[in-house]
Amino acid sequence: MIEWLRRLRAAFGASFLWLVCLIYFTQGFRSFVWTAVSYQLKDTLKLSPSSSQFVFSIAFFPWSIKPLYGILSDCIPIKGRKRVPYLVIATVLSLVPWPILGLNAMSRSSMWLLMAFLTVQNLGSAMADVVVDAMIAEAVRHKWASFAGDLQSVSWLAMAFGGICGSLTGGFALSNFDIHTIFLLYSILPSIQLLSCGLVEENSVDSEAFAESKLRSSHGVNGNHSSLDEDTFSEKKSNTSITRRKKSMKGSKNKTVSSKVQVSGKVDSLASQWFQSLKAATFSLCRAFKQPIILRPMAWFFLAHVSIPNLSTVMFYYQTEFLNLEASFLGSARVVGWLGLMLGTLVYNRFLKRMKLRRILMWSQLGLAFMTLLDIVLVSRLNLTFGISDRIMVLCGSALSDAVNQFKFMPFLILSGQLCPPGIEGTLFALFMSINNLGSTLGSFVGAGLASVLSISSGSFDNLLLGIVVQVLSIFIPIAFLFLIPKEATGISA
């Protein structure tokens, strides 16, 4: 293990590895502060489960537009650099809301202000996620392609370790600190991340040379070099004669005017080049996504999320108010969930990667239905009849559901990687992840609507059992559309 890390450090540098691990650790450690957010919405703002679910759905929407951040950083360099400046901006956006929420009572006591700050924070986190993924892709493509899998493994391990630490310490913090103190404590990590951005060096991209090379390539395609060179020469000659005549008449005043025109022309040319680059990237992305071999599988994964109402926030209210489970225990349950996720990854790689993806996804949906049946047992209190405590039910449900969800998520990652055409892999993969995130967000909206229709509120869970039954039935809907997944696709080849 130590030797493996040494080889990675020799290949990529200690500062780069530190920044990658820190960003992914921070992503996992977010459970530390978002548990506090859940209690802020429930206990301080006294929001209903459906209202809390609505707040979370809006706050996490920036994760659904990740390709936008990738296109911006690819096409519009800042001071000649395409990654580190955007990473600094993203880190500032993810950092600033937490001190404000920790120090300003009004900002965390208003649902709309709190939702706005949480959305800004997620905007920064999502942008940082896209930028660091691009940095990893560039590092393995230009330097050490053989370390691609190792670097991804380090990223996942850092995020899993962050998730475990965040879940363990989050429950303890809620039992010993005020919520505003937790907001302030969490801001330490983004602050360290902001300072660490200065440790990584990035090669400068000369914007003018970039624009010139793109202009030359477009001229070469059209075969108009000679005519354009002649026009440019005659234009320069004409401008020179005019400038000389005006110089003799106007003097130094025209030098200032001429320099201003040249600067303005450069700015306009650069802005035009950026616009053309954005337009070309967007067009390539849309053209690739319209291909049936890409559109059909992504449509299935989107449907698999949006057709199932997400009642996680409602269950959080039920576990804390009706079952009276402590924050420290719920933190431990999330740790078990992270361990289940890691176990699911290992089982998939060891036993399932050669199986047809249609079969894996079908069994995953059936497994999710079974896990939801455990919620029915918990809510109907049948577990007490058999002498099974509520804590055991919550722990088992958390671990098993995360493991089964990983069986469903791994095929998504595999298909996404296999279907990306060369040249736009990073941006298209970000689009795939955004579709997955958008489906989850809309599923949360559906869950909030279902909770509202069934009048499920804080302290009133009479219709929760009916809501879970609806959720179980909805899980079978995506199975009917498995024909959208390539028939022969496995974890090895599509």
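**Helix H19**

Helix H19 covers residues 357-380, a run of 24 residues. From first C-alpha to last, H19 reaches 35 Å. That is close to the 34 Å expected at 1.5 Å a residue. Just after H19 comes arginine 381, with a positive phi of about 70°. The model is predicted.

**H2 against H12**

Two packed helices are described by the angle between their axes and the distance between the axes. Take helix H2 (residues 14-29) and helix H12 (residues 188-196). Their axes come within 10 Å and cross at roughly 160°. An angle over 145 degrees counts as roughly antiparallel, so H2 is roughly antiparallel to H12. The crossing of H2 and H12 is left-handed.

Which residues of H2 make the contact? They are Trp18, Leu19, Leu22, Ile23, Phe25, Thr26 and Phe29. H12 contributes Leu189, Ile192, Gln193 and Ser196. The contact of H2 with H12 holds 8 nonpolar and 3 polar residues, and no charged ones.

**H6 against H12**

H12 also packs with helix H6 (residues 84-95). Here the angle is about 165°, and the axes lie 9 Å apart. That makes H6 roughly antiparallel to H12. H6 and H12 cross in a left-handed way.

On the H6 side, the contact involves Val88, Thr91, Val92, Ser94 and Leu95. They meet Pro190, Ser191, Gln193 and Leu194 of H12. By class, the contact of H6 with H12 has 5 nonpolar, 4 polar and no charged residues.

**H12 and its two partners**

Gln193 of H12 takes part in the contact with H2 and also in the contact with H6.

Conventions:
Residues are numbered from 1 along each chain as its sequence is written. This is a predicted model: local features need pLDDT of at least 70, side-chain atom pairs count only at pLDDT 80 or more; totals for chains, interfaces and linings use all residues. Side-chain values use heavy atoms; hydrogens and water are left out. Axes are lines fitted to C-alpha atoms, for helices over the stretch in contact, and angles run from 0 to 180 degrees between N-to-C directions. Helices (H or I, at least four residues) and strands (E, at least two) are DSSP runs, numbered from the N terminus. Angles under 35 degrees count as roughly parallel, over 145 as roughly antiparallel, 65 to 115 as roughly perpendicular and the rest as oblique. A crossing is left-handed if the near helix is turned anticlockwise from the far one by less than a right angle, and right-handed if clockwise. Contact means heavy atoms within 4.5 Å. Ala, Val, Leu, Ile, Met, Phe, Trp, Tyr, Cys and Pro count as nonpolar, Asp, Glu, Lys and Arg as charged, and the others, Gly among them, as polar. The expected span of a helix is 1.5 Å times one less than its number of residues.
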